[in-house]
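Please look at the two chains below and at how they meet.

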Amino acid sequence: MCARTQAAETGSEKQTATIRLDGLTKRYGEIIANDDVSFEVRPGEIFGYLGPNGAGKTTTIRLLLGLIKPTSGSAEVLGADVRDRRALTEAKAEVGYLPDELGFEERLTGRQVLDYFARMRGDERREELLDLFRPPLDRPVETYSSGNRRMLGIVQAFMHDPELVIMDEPTSGLDPLKQDRMHAFVAEERDAGKTIFFSSHVLSEVQHVCDRVGIVREGKLVALENIDDLLERGGKRVRVQFPEPVDEDRFGTSEMIDVETVDRTVRFTYTGEPATLLEHLVQFRIEDVDVGDPKLDDIFKHYYGDDGDAEAG
Amino acid sequence: MLVVVFALLSALYFSMFPGIQEEMEAFEEAFPAFMFDLFGIEELHTIEGFIAAEIYSFFWVLLLGVYFAYVGAGLIASDVEDRRMDLTLSNPVSRESVVLQKAAALWVPLVALNVGVAVIVYLGALAIGESFDPVALAMVHLLSVPYLLVCAGIGIVLSVVIERARTARAVALSLVVLLWLIDGVSRLDDDYEWIGAATPSRYYEETDILVHEEYAFLDAGILLVAFLVLLAAAVVVFTRRDV
């Protein structure tokens, strides 16, 4: 009796997951683009899919959309098995997709492109979105900057008011102001009940926007984290220039990884709290400081090890 | 664009015809018969024979066949290559309907060329004081549609099989030229004529239509079936592959 109840619960959970991956694997000959990837995206969350370029994020997305077929394993999108073409096609009426590379019909104007997509799936929110994101609709897409292309992509992904939007590197090509607008917009959409699958290689962006994060390296899912846990695993790429050569042993701390010293300049990735870093730096005479986003792979190596296994803590 | 090219070519031929009508009779005697067989040329000294030879047997059957094969070969492959197919297939549309809609878009150049060139040729003939049987002229265009569709169908199949659009186009174009050559060369010898039965141009005889007013509806039907088979093959391949 107890076992039956449990089975029933698992069954209902299965229906509520917006996206579910179960051992999803895609091989291209010897290359394993996705290796036994399993996770779930719950309704109404922004799920970050974080990994360095080439980690297999786009492959996962293309598997979810049925553009490519899994070598083994399966996945469901809005209850439709990705291997069931008919069911998946129907489910796509409630899916928006913002690809990493936006392939539009170059000779059409932005407006014609939107009209084309509207014929296939509707556009009840088009005008509202065009107030926020404003690509030059009357010009042909071939004249667009990468930012304008991205904005046209955002409008087409959301204009039919889908339940789920899958975004692949959605802020690439956008200037910082538009990136902020995009992040705020995504959060509003989540609050209004949408589910967002947010793929990115920018750690700070995912930390800022997402509720839960799946971390992917070399085709494997190495961790599923709540955002609070990920926030602790931050990092900054720092370059410090001193007026004279500095003793690395005196300057270095355990939070610094990948430290490189060239003459009077020290470069390192800082994995501790930003405030602690600043407190540390003011103890030294410093000519110049540069703090930026770290290379994701360095951070991942630090937290999740070289072999892809997550370290404790 | 293509209609304009054909208009200019037709104008050129019509302006030539009165001057060379008599020479053509000599021309027919001067050249060995196999030359005419190769191109399916007959009765060059009549307006029908001349137009059949000059416009239809070469420009229509070969160049336009190549053009449709080229366009067909780009239909799917170029969209996949430029990632347009990703966005298209993110819509609630089946892969079958994507291929069929792409193929349906071929009606635009097909109708524009057939209507445009038919009108130009008819008016051109009137302009130089020759008369042209309008039924035969309509037929030469109507019956060319299945032939051009088969050429496009060859392109579409290659478009779903070959990953790169440039390669697909090159192969499609070469294949159509090759088939046309096989048809032409196999006609030279009765013993080998059967080889050409597998070539699409064997089922479209522009000279028979214009000169003899023989309309081979059965052959056109065979071409139409061939086109549908090619299209079905393309659909089956495309629904099974990764994009």
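How many salt bridges does the structure hold over all chains? The structure holds 35, where a salt bridge is a side-chain nitrogen of Lys or Arg within 4 Å of a carboxyl oxygen of Asp or Glu. This is a predicted model, in which local features need pLDDT of at least 70 and side-chain atom pairs count only at pLDDT 80 or more, while totals for chains, interfaces and linings use all residues. Residues are numbered from 1 along each chain as its sequence is written, chains are lettered from A and ligands numbered from 1 in the order in which they are written, and side-chain values use heavy atoms, with hydrogens and water left out.

One of these salt bridges joins the side chains of Asp242(B) and Lys26(A), at 2.5 Å from N to O. The pair crosses between chains: Asp242(B) is in the segment after α11 (217–240) of chain B, and Lys26(A) is in strand β1 (residues 19–28) of chain A. Helices (H or I, at least four residues) and strands (E, at least two) are DSSP runs, numbered from the N terminus. Asp242(B) is partly exposed, with a relative accessible area of 22%, whereas Lys26(A) counts as buried at 6%. Buried means under 20% relative accessible area, exposed over 50%, and partly exposed in between (1.4 Å probe, protein chains only).

A salt bridge within chain A links Arg264(A) to Glu287(A), with the closest N and O atoms 3.6 Å apart. Arg264(A) lies in the loop between β12 (256–262) and β13 (265–270) of chain A, and Glu287(A) lies in the loop between α11 (274–281) and β14 (288–292) of chain A, so the pair ties together parts that are 23 residues apart in sequence. Both residues count as partly exposed, Arg264(A) at 26% relative accessibility and Glu287(A) at 48%.

Asp86(B) takes part in two salt bridges described here, one with Arg83(B) at 2.8 Å, N to O, and one with Arg62(A) at 3.0 Å, N to O. Asp86(B) is buried, with a relative accessible area of 1%, and Arg83(B) also counts as buried, at 13%. Arg62(A), Asp100(A), Glu101(A), Arg83(B) and Asp86(B) are linked in a network of salt bridges.

Between chain A and chain B the count is six salt bridges. There are also twelve residue pairs in polar contact between the two chains, both residues at pLDDT 80 or more. A polar contact is a pair of N or O atoms within 3.5 Å; within protein, one must be able to donate a hydrogen and the other to accept it, and residues adjacent in sequence count only if both atoms are side-chain atoms. On the side of chain A that touches chain B, α2 (57–64), α3 (85–91), β6 (95–98) and α4 (110–121) each supply at least two residues. The largest share, four residues, comes from α4(A).

The contact (heavy atoms within 4.5 Å) takes 24 residues from chain A and 20 residues from chain B. Leu67(A), Arg85(A) and Met120(A) supply 27% of the area that chain A buries against chain B, more than any other three residues. Buried area is the accessible area (1.4 Å probe) that two parts lose on being put together, summed over both.

Chain B itself has eleven helices and zero strands. Buried residues make up 49% of its 243 residues.
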